[in-house]
Amino acid sequence: MVLPCSRHMFVRPVLYLHQHAWTEAHVAAFRYFGGVPRRLVPDNLRTGIDKPDLYDPKINKAYAELAAHYGALVDSARAARQKDKPRVERPMPYIRDPFWCGREFTSIEHMQAEAVTWGQKVAGRRQCRPLQGASPMAVFRRGPRRWSRGPQLGQADPGTGTARRAHPRRLRHEPAQRGPGG
């Protein structure tokens, strides 16, 4: 996931990009950034968009639930429109070459932990021409954040007093169970 204003990115390698991995990667990105962007712009892959359409794309049910839970708008990249693709696809060669070259990983967990470290120490500190030479992490830290107004991670639920945690398999907030007489 790349935030367009700062170019700050979150990288989550997965072995198979199925619905659970897609949802889990989004929740991990939201935790990493400390919030949820108001607008999510995915490419038209099946785990996010069932049927691309210029005016009314059919969003995958689980992805739509994730976006509704966090109060984000899903605005898919238009099919066959090169103008929409750079923000989605442009970082891929950058991630592929510097991150993967010459590295060996012992497990998927090790790979994911190294991706977070690489994102902070390498990708987050690179100089970006569109940012007048500033690093994405510096722009991210000082810039205004336009997060969704939905439930934020770690925010206490007024009904139960417990912190909300997004579980990739259970995205809707369930009401607290009441005891006898309650």
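Reader: What is the relative accessibility of arginine 7?
Author: This is a predicted model, in which local features need pLDDT of at least 70, side-chain atom pairs count only at pLDDT 80 or more, and totals for chains, interfaces and linings use all residues. Residues are numbered from 1 along each chain as its sequence is written, and side-chain values use heavy atoms, with hydrogens and water left out. Buried means under 20% relative accessible area, exposed over 50%, and partly exposed in between, with a 1.4 Å probe and protein chains only. Arginine 7 counts as partly exposed because its relative accessibility is 31%.

Reader: What phi does arginine 7 have?
Author: Arginine 7 is found in the segment before α1. The residue is not a glycine, yet its phi is positive, near 65°.

Reader: In what order do the elements of the protein run?
Author: Helices (H or I, at least four residues) and strands (E, at least two) are DSSP runs, numbered from the N terminus. The protein has six helices and four strands. From the N terminus on, the order is α-β-β-β-α-β-α-α-α-α.

Reader: How many Å does helix α1 reach from its first C-alpha to its last?
Author: Helix α1 covers residues 19–33, which is 15 residues. The expected span of a helix is 1.5 Å times one less than its number of residues, and for α1 that expectation is 21 Å. The reach in the model is close to it, at 21 Å.

Reader: Which elements are included in what covers the buried residues of α1?
Author: The buried residues of α1 include Ala21, Trp22, Ala25, Ala29 and Phe33. Residues three or four places apart in an α-helix point the same way, because there are 3.6 residues a turn. The cover over the buried residues of α1 includes β1 (39–40), α2 (61–70) and α6 (136–142).

Reader: Which residue just after α1 takes a positive phi?
Author: The phi in question is about 80°. It belongs to glycine 34.

Reader: Which residue meets glutamate 24 in a salt bridge?
Author: A salt bridge is a side-chain nitrogen of Lys or Arg within 4 Å of a carboxyl oxygen of Asp or Glu, and the structure holds four. In the pair with glutamate 24, the N to O distance is 3.8 Å. The pair links distant parts of the chain, 12 residues apart, with glutamate 24 in helix α1 and its partner in the segment before α1. That partner is arginine 12.

Reader: What is the relative accessibility of arginine 12?
Author: Glutamate 24 counts as partly exposed because its relative accessibility is 30%. Arginine 12 also counts as partly exposed, at 27%.

Reader: How many residues apart are glutamate 114 and arginine 103?
Author: Their side chains meet in a salt bridge at 3.5 Å, N to O. Glutamate 114 lies in helix α5 (residues 108–121) and arginine 103 in the loop between α4 (91–100) and α5. The pair links distant parts of the chain, and its separation in residues is 11.

Reader: What N to O distance goes with the salt bridge of aspartate 97 and arginine 96?
Author: Aspartate 97 is partly exposed, with a relative accessible area of 40%. Arginine 96 is partly exposed too, with 47%. Their side chains meet at 3.6 Å.

Reader: What share of the contacts with a separation of 6 or more comes from residues 24 or more positions apart?
Author: Contact means heavy atoms within 4.5 Å. Among contacts with a separation of 6 or more, the share from residues 24 or more positions apart is 62%.
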